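Subject: Model for you to look at

Hi,

Here is the structure I promised to pass on.

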Amino acid sequence: MPLLKFHLYKGRSSDELDGLLDVAHDVMVQTFGVPAEDRYQIVNEHAPSHMRALDTGLDIPRTEKFVLLEVVSRPRGTPAKVAFYETLCSALQEKCGVPASDVMISFTENSDDDWSFGLGRAQFLTGEL
Amino acid sequence: MPLLKFHLYKGRSSDELDGLLDVAHDVMVQTFGVPAEDRYQIVNEHAPSHMRALDTGLDIPRTEKFVLLEVVSRPRGTPAKVAFYETLCSALQEKCGVPASDVMISFTENSDDDWSFGLGRAQFLTGEL
Amino acid sequence: MPLLKFHLYKGRSSDELDGLLDVAHDVMVQTFGVPAEDRYQIVNEHAPSHMRALDTGLDIPRTEKFVLLEVVSRPRGTPAKVAFYETLCSALQEKCGVPASDVMISFTENSDDDWSFGLGRAQFLTGEL
């Protein structure tokens with residue numbers, strides 16, 4: 001936790017995908033202060049016909065490098081989320097060549113009792129986390 | 001925002017898919033009063049083995065045209081959501097030949113600070129939206 | 001409802017997949033006390049490159065049988081969710097050969113007005129459910 005679900009257009013190489021996931025993970029660890037092993041990432045690749053992304057009239061261009069990232073997490077607070085948006089966009093642009101205009105993020109928050117990381121336990125409740 | 005995630009069975013033509021997405025977008029713009037450019041849609045197509053949908057005992061028949069739509073949005077209020085259900089089902093039946101019995105919808109709501117539409121900014125907080 | 005979204009690695013047979021979905025459904029019906037027809041399940045299969053799951057430092061080994069289950073549901077209360085974690089892990093280990101260390105679960109909760117099961121109605125509001 002957090003769980004990161006990436007929606008991408010098809011066409012990235014394995015190296016590009018690895019780099020994207022590594023950078024996103026590093027930014028998450030940095031901005032949320034979670035353990036380095038707190039890595040849960042899922043990638044969904046779509047044809048252009050299957051992912052449509054405009055810009056809500058914000059004049060933000062989209063390219064084939066568009067990344068829509070859904071994050072499921074316990075509450076993080078506004079400052080941490082804003083820092084995540086800023087830092088992720090900067091890092092993806094600098095290290096992965098993804099324009100900051102191509103990074104869209106949506107958070108869904110849940111609670112301590114909503115997570116089990118294995119073994120049938122709710123580790124935030126048991127004191128293990 | 002909202003983000004619409006469609007779960008469909010494989011088998012629709014490109015034209016059918018385009019029509020479905022266009023109709024759903026139009027209904028969303030109409031019932032939620034959002035900008036026409038507020039379009040974020042993802043389509044996932046599944047084999048019958050990979051999407052199981054019964055009816056909670058409601059006696060609602062399902063066909064291969066079944067649509068499960070997940071909507072992630074800021075809070076919309078009950079009347080707007082109910083209007084969305086009604087209007088979407090009517091429109092999909094009339095314009096896309098999808099029976100109203102084949103349309104299931106699930107909302108997940110989040111908050112202003114949960115969205116960044118690009119450029120590393122939380123546009124609902126910055127005043128841009 | 002609940003909606004269960006399974007994220008698996010590619011490689012399971014049809015029988016293995018059927019068994020996994022049946023067991024998860026039975027456990028859900030049992031622990032949440034929902035109707036047997038309350039079955040809504042989606043399966044997403046991923047290449048190893050497209051699903052990364054570590055263990056938050058909990059020393060939980062992961063194998064190719066890893067299951068990440070997202071549950072979207074009306075509020076269930078902590079005891080029911082904890083029972084679901086425990087019972088699901090036991091059942092998957094016993095009946096499907098999935099190690100309890102390979103089962104991760106994340107809940108997202110919503111409300112009565114967030115569900116339409118068909119026909120354009122919000123059945124939790126109309127009194128049908």
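A definition to begin with: helices (H or I, at least four residues) and strands (E, at least two) are DSSP runs, numbered from the N terminus. This is a predicted model, in which local features need pLDDT of at least 70 and side-chain atom pairs count only at pLDDT 80 or more, while totals for chains, interfaces and linings use all residues. Residues are numbered from 1 along each chain as its sequence is written, and chains are lettered from A and ligands numbered from 1 in the order in which they are written.

Chain A by itself

Chain A has three helices and six strands, and from the N terminus on they follow the order β-α-β-β-β-α-β-β-α. Its radius of gyration (over C-alpha atoms) is 15 Å, close to the 14 Å from the globule rule (2.2 Å times the number of residues to the power 0.38) for 129 residues, so chain A is as compact as a globular protein of that length. Of those 129 residues, 45% count as buried (20 or more other C-beta atoms within 10 Å of the residue's own, with C-beta atoms placed from the backbone).

How the copies are arranged

Superposed by least squares on the C-alpha atoms of residues with pLDDT of at least 70 in both, chain A can be laid on chain B with an RMSD of 0.0 Å by a turn of 120° and a shift of 0.0 Å along the axis. The two copies are thus related as by a three-fold rotation axis. In chain A, the C-alpha nearest that axis belongs to A:Thr108, 4.6 Å away.

Where the chains meet

Strands pair if DSSP finds at least two bridges between them. Strand E3 (residues 51-53) of chain A pairs with strand E2 (residues 40-46) of chain B in the antiparallel sense, over three bridges. Within chain B, strand E1 (residues 3-9) pairs with E2(B) in the parallel sense over seven bridges. B:Ile42 takes part in both pairings: A:Met51 stands opposite B:Ile42, and B:Lys5 has B:Ile42 as its bridge partner.

Enjoy exploring it!

Best wishes

Methods:
Buried ≥ 20, exposed ≤ 12 C-beta atoms within 10 Å, placed from the backbone.
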